[in-house]
Amino acid sequence: MKKIVLLCASGMSTSMLVKKMREAAAEASYECSIDAFSASEAATKAADADCVLLGPQIRFQKNKIAEQVPGVPVDAIDMRMYGRMDGKGTLEFARKLMND
């Protein structure tokens, strides 16, 4: 089972997107865990993740967060996808990032 972690400034703005992603995963019968946390929790909450997605508002922290979670693919969610709360598209993006 894959572990997908979303990070944002406080962990709150991504919670709705997490819900939409979980719904998309259920529809696709894709087993994974998807959770959102504050970027300050990256080292503890995302170290064992299969991928880390960043809210667009913290994309500038990509390199810093990648250093905290060595070996874990890290990328920012597209602003339009994030704005639309596109759970299916974001899940597909995560799967591509994991080569899954």
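At what angle do helix α1 and helix α5 pack, and how far apart are their axes? Helix α1 (residues 15-27) and helix α5 (residues 87-97) pack at about 75°, with axes 7 Å apart. That angle makes α1 roughly perpendicular to α5 (65 to 115 degrees counts as roughly perpendicular). This is a predicted model, in which local features need pLDDT of at least 70, side-chain atom pairs count only at pLDDT 80 or more, and totals for chains, interfaces and linings use all residues. Residues are numbered from 1 along each chain as its sequence is written, and side-chain values use heavy atoms, without hydrogens and water.

**Sheet**
- An open sheet is formed by four strands in the order β2-β1-β3-β4, with parallel pairing (strands are DSSP runs of E, at least two residues, and helices are runs of H or I, at least four; two strands pair if DSSP finds at least two bridges between them).
- β2 (32-38) and β4 (74-76) are the edge strands, each pairing on one side only.
- The twist from one strand to the next averages 25°.
- Seven bridges join β1 (residues 2-8) to β2 in the parallel sense, and cysteine 8 stands opposite serine 38 in β2.

**Helices on the sheet**
- α1 lies across β1, β2 and β3 (51-54) and runs at about 175° to β2 (axes are lines fitted to C-alpha atoms, for helices over the stretch in contact, and angles run from 0 to 180 degrees between N-to-C directions).
- α5 packs on the sheet and touches β1, β2, β3 and β4.

**Helix contact**
- Leu17, Lys20, Met21, Ala24 and Ala25 of α1 meet Gly87, Lys88, Thr90 and Leu91 of α5 (contact means heavy atoms within 4.5 Å).

**Ring**
- Arginine 95 lies over the face of tyrosine 30, at 3.8 Å from the ring centre (the cut-offs are CZ of Arg or NZ of Lys within 6 Å of the ring centre and within 35 degrees of the ring normal).

Definitions and conventions
Angles under 35 degrees count as roughly parallel, over 145 as roughly antiparallel, 65 to 115 as roughly perpendicular and the rest as oblique.
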